[in-house]
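Please look over the model shown here.

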Amino acid sequence: MEYSDQDMRILRELQRDSAASLAELSERCQVPQSTLWRRLNELEKAGLVKGRVALLDPAKLHLKLVVFANVSLKDHSAEAVSEFAAVVAAHPEIMECHAVSGASDYILKIRVRDVEAYERFMTHSLLRNRHVAAVHSSFGLRELKYTTRLPI
């Protein structure tokens, strides 16, 4: 599906502030409200807009520690990958999971309260999966940039 310049303006504004009213978005995008409403519905039906969320402050929710865990599996059978994916899906601490090339199989972005919480999560959840061979963890020291906006 090709997207017009108008669509891209709408998507950029929606990324910037998904809570904006239809009238606000219409003004910012310089698009009539009826057109904007129709295009938003079409973009959502096409699966381009997956959802609208509120971004919460992790520090104020006592979730300051970010851990990047490089996970290696013992084997790459369909069963192993499926069971590992189930562990990932079941734990809200795991905010992102990417299959990667290189020394490990996956990189997880995990957010927890503190080192003790991570140690509990790792030993009671991640390492309990029979297919996990190794986990190498790196702790985030300072966040230099964070965005959910795609570069469109």
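At 3% relative accessibility, Tyr118 is classed as buried, a term for residues under 20% relative accessible area, with exposed meaning over 50% and partly exposed in between (1.4 Å probe, protein chains only). Phe139, at 39%, counts as partly exposed. The model is predicted: local features need pLDDT of at least 70, side-chain atom pairs count only at pLDDT 80 or more, and totals for chains, interfaces and linings use all residues. Residues are numbered from 1 along each chain as its sequence is written, and side-chain values use heavy atoms, leaving out hydrogens and water.

The structure has two aromatic pairs. Rings of Phe, Tyr and Trp (its six-membered ring) pair if their centres lie within 6.5 Å; planes under 30 degrees apart are stacked, over 60 edge-to-face and the rest tilted. Phe84 and Tyr106 form a tilted pair, with 4.7 Å from centre to centre and 35° between the planes. Phe84 lies in helix α4 (residues 78–90) and Tyr106 in strand β3 (residues 106–112), so the pair links parts of the chain 22 residues apart; helices (H or I, at least four residues) and strands (E, at least two) are DSSP runs, numbered from the N terminus. Both Phe84 and Tyr106 are buried. The rings of Tyr118 and Phe139 are edge-to-face, because their planes stand at 90°, with centres 5.7 Å apart. Tyr118 belongs to helix α5 (residues 115–126) and Phe139 to strand β4 (residues 132–139), 21 residues apart.
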